[in-house]
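Good morning, everyone, and thank you for coming. Please have a look at the structure I am putting up now, and then we will walk through a few parts of it together.

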Amino acid sequence: KLMNDFKPLKALLFDFDGTLIDASNVICTCFNRTLARQGLGPLDPEEIRSRIGKPLRDMFLPFSDEADLEQLIQGYRESFHELSPGKSSLIPGVRELLTRMDNGILLGVVTSRTARGARQILEEFQLLEKFTVLIGIEDVTRGKPHPEGLLKALSRMNVSSDRAAFIGDTVFDIEAGRKAGTFTIGVTTGYHTREELIDAGADRVIEHLNELRNLGLW
């Protein structure tokens, strides 16, 4: 796609984990703690990181049958709620980018974690008010890479997909953005490499979010 096909942009949608927030250490700890309760694991942290970005159901499915999935998911969320406060950090450049976004472009988040959890973390960093829309896994019937969350966010913003960009760190984000019809921007601050994001079809790949301002999107 040409950048000009998407001008003037009216909305930027962001993935959460690995794009705005780094919570990878506590995610790995909670994932292995949950598996241990079932007599499973532990997994190498890098293997867990490769799964981040998928809905929890998909992350746990290889280790459980369908009947036990909800128990695993609930156990993970309880562990995460207990361990995560104060253990997440902003990806470098996020605060600077968001505080400078005063040009009328709407901002939203589409995440595979719960909206409640994402709101809590954004509130901790005093950034929640920057976002018009926040779509979590409980707001959709199909998580990324299905485009449902992105399309729901854009509908609430009243913005068409060809006037929006989706920024994410995983191939699941890029696939979701492509299916939704948005411009797609991969960022290498998270869990997939530049090559993986390019192979997934990202329209642009950047190393840091502060490079967004150099892409000519607005």
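Predicted model: local features only at pLDDT ≥ 70, side-chain atom pairs only at ≥ 80, totals over all residues.

In which sense do S1 and strand S4 pair, and over how many bridges? They pair in the parallel sense over four bridges, with S4 covering residues 106-110; two strands count as paired if DSSP finds at least two bridges between them, and helices (H or I, at least four residues) and strands (E, at least two) are DSSP runs, numbered from the N terminus.

Residues are numbered from 1 along each chain as its sequence is written, and side-chain values use heavy atoms, with hydrogens and water left out.

Let us stay with S1. Within this pairing, leucine 12 stands opposite leucine 107 in S4. S1 also runs parallel to strand S6 (residues 164-168), to which four bridges join it, and here leucine 13 stands opposite phenylalanine 166. From S1, Ala11 and Leu13 point one way and Leu12 and Phe14 the other, and all are buried, where buried means under 20% relative accessible area, exposed over 50% and partly exposed in between, with a 1.4 Å probe and protein chains only.

Threonine 170 counts as buried because its relative accessibility is 1%. Leaving aside neighbours within four places in sequence, threonine 170 is in contact (heavy atoms within 4.5 Å) with Ile52, Gly53, Tyr191, His192 and Leu197.

Now to the aromatic rings. Rings of Phe, Tyr and Trp (its six-membered ring) pair if their centres lie within 6.5 Å, and planes under 30 degrees apart count as stacked, over 60 as edge-to-face and the rest as tilted. By this rule there are five aromatic pairs. The rings of phenylalanine 31 and phenylalanine 60 are stacked, because their centres are 4.3 Å apart and their planes at 10°. Since phenylalanine 31 lies in helix H1 and phenylalanine 60 in helix H3, this pair ties together parts that are 29 residues apart in sequence. Both phenylalanine 31 and phenylalanine 60 are buried. Finally, ring pairs link Phe31, Phe60, Phe63, Tyr76 and Phe80 into a cluster.
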